[in-house]
Amino acid sequence: MTVRDVIVVGAGPAGAAVAARLHQHGVRDVLVLERYRHPREKPCGGGLTGHADEALAALDLKLDVPHLASPTARVRFGSFVRTVRLGRPVNVIRRDEFDASLVAQVRARGVEIVEDEGVTRLAVEADRVVVETSRGRTLAARVVVGADGAASVVRKHLTGNAKALPHRLFKAELPVADGAAVDDAMLYDFTPMLRGVRGYLWVFPVHDRRVNVGIMHYPSTRVGGPKLIEHLGAGLAEVGVTLPARAAHGWPVWGYHPRAPVSAPRLVTVGDAAGIDGLTGEGIAVAMEQAQVTGDAVARALATGDVAFAGYRRALRRAVVGRELALDRWLARLLYQRGDGWRRWMSLVLFDPDVLEMYAARVAGSEVLADQKLRLYGALARHLWRARGRGRALRDAAGGLPAGSPTALLSATEPDRSAS
Ligand SMILES: Cc1cc2nc3c(=O)[nH]c(=O)nc-3n(C[C@H](O)[C@H](O)[C@H](O)COP(=O)(O)OP(=O)(O)OC[C@H]3O[C@@H](n4cnc5c(N)ncnc54)[C@H](O)[C@@H]3O)c2cc1C
């Protein structure tokens, strides 16, 4: 049996980016296996946040699909709405188009990408990893990269399928009514926290006069899929959007944990297979940033013959992306805690003059939040002084709707009849 240097499982952003990085290192014997055929659907908000621009540039990849550059974020909680200018625009893309474009760009470099062939099983042997596929083939590689998303077979191999509650995200795409103005702001609405959701609802503008809407729930409390769709519908109705029946589709995903296993001898995971951002549920930029660490580690392993990947988890954690993920995990545990404790942290996020700005800069990728610890401590100190007044302001905001509609776009959105 031929033993390839590398098999990459999955051709989403993580898999395409790892293949691109390996190509930059001159690693040529790479096979990427994708169980579907691009363009394939992927439930996603499509916000290219964080350091996506730098990640694409570092990988010699281009954003060459239609996208809408959103220059502002609007944060809502009840009657409180604040518009924050982003340090640089967040590009909202459609995942089927974006992922297909990445795959085409990587394939154009000569990388072998086989679609409609998924990995069904893998076994690590002394000198190789043996992989079985949905087409009945048995393949082997010196190293296997698990870039196979939230339901990763490689992750399951590493964790022994340990049970943990997933984050849940649901999304739908809706058209904007004919003749209505299209608002280019991204709405992050935390009002559903009042109804037991631990997360936020989003409305992102997409090109083609459509909006991408969805809800994210952090698993500190158990809320089922149908209930979350109900919360999404109710929350959207408040801002003037009707969610058609059966329009929202969801996905369980697992949050990044700095101590969760991400590698074993001859195996590494990356992207959603290694865990998403616990605070925001985002992961496209994360996947492409991590992929550089992964590609570097795999190229080094092939060159030195040391395929233990003993330092891989540490390398992921130490990279900028790892530091941001660890900080967001900590923030998520405060902000999305069960019971009433979240209120104290929500009032800090909403009412401190600095915190929303800092987070907006982090979302836009113009700042590394993990490098802003002094400013965060400053905000915390201010909060201790002002906690009581802010608590009152939060209670007041919880009582009502914003004056007028948060965006012109939202009041002008109508249901997608084709989707219902
Ligand atoms: C509703 C929702 C909204 C989101 N919104 C945003 C957002 O606005 N911004 C953001 O940055 N992130 C967002 N995310 C997260 C983002 O979608 C993921 O973090 C991102 O897709 C991770 O990329 P990936 O390549 O690791 O995984 P994926 O994109 O899931 O790609 C994995 C690939 O592997 C393939 N695969 C799976 N199993 C196998 C197998 N056994 N064999 C072969 N191939 C396999 C899959 O078909 C897929 O193509 C959202 C997620 C959800 C669910």
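## Strand β15 and Ser263

Strands here are DSSP runs of E with at least two residues, numbered from the N terminus. In this predicted model, strand β15 covers residues 263-264, and Ser263 belongs to it.

Let us look at the surroundings of that serine. Leaving aside residues up to four places away in sequence, Ser263 touches Leu158, Val268, Phe309 and Tyr312. With Phe309 there is also a polar pair: a polar atom of the Ser263 side chain lies 3.2 Å from the backbone oxygen of Phe309.

## Around the ligand

Which residues come nearest to the ligand? They are Glu34, Gly45, Arg95, Val119 and Asp272, out of 35 residues around it.

A polar backbone atom of Gly45 is 2.6 Å from a ligand nitrogen, and one of Gly283 is 2.9 Å from a nitrogen atom of the ligand.

## Two packed helices

Two packed helices are described by the angle between their axes and the distance between the axes. Helix α9 (residues 342-351) packs with helix α11 (residues 373-398) at an angle of about 100°, and their axes are 8 Å apart. Angles of 65 to 115 degrees count as roughly perpendicular, so α9 and α11 are roughly perpendicular to each other.

On the α9 side, the contact is made by Arg343, Arg344, Trp345, Met346, Ser347, Leu348, Leu350 and Phe351. From α11 come Ala379, Leu380, His383, Arg390, Ala393 and Leu394. The residues of this contact divide into nine nonpolar, two polar and three charged.

Most residues other than glycine have a negative phi, and most peptide bonds are trans. Two spots are worth a look with that in mind.

The peptide bond from His38 to Pro39 is cis, with omega near 0°. Pro39 sits in the loop that runs between β2 (30-33) and β3 (47-48). Asp116, in turn, is not a glycine, yet has a positive phi of about 60°. You will find Asp116 in the loop between β6 (112-114) and β7 (119-124).

Technical notes:
Residues numbered from 1 in each chain as written. Predicted model: local features only at pLDDT ≥ 70, side-chain atom pairs only at ≥ 80, totals over all residues. Heavy atoms only, no water. Axes fitted to C-alpha atoms, helices over the stretch in contact; angles between N-to-C directions. Helix = DSSP H or I, 4+ residues; strand = E, 2+ residues; numbered from the N terminus. Parallel < 35°, antiparallel > 145°, perpendicular 65-115°, else oblique. Contact = heavy atoms within 4.5 Å. Nonpolar A, V, L, I, M, F, W, Y, C, P; charged D, E, K, R; others polar. Near = heavy atom within 4 Å. Polar contact = N/O pair within 3.5 Å; in protein donor to acceptor, adjacent residues only side chain to side chain.
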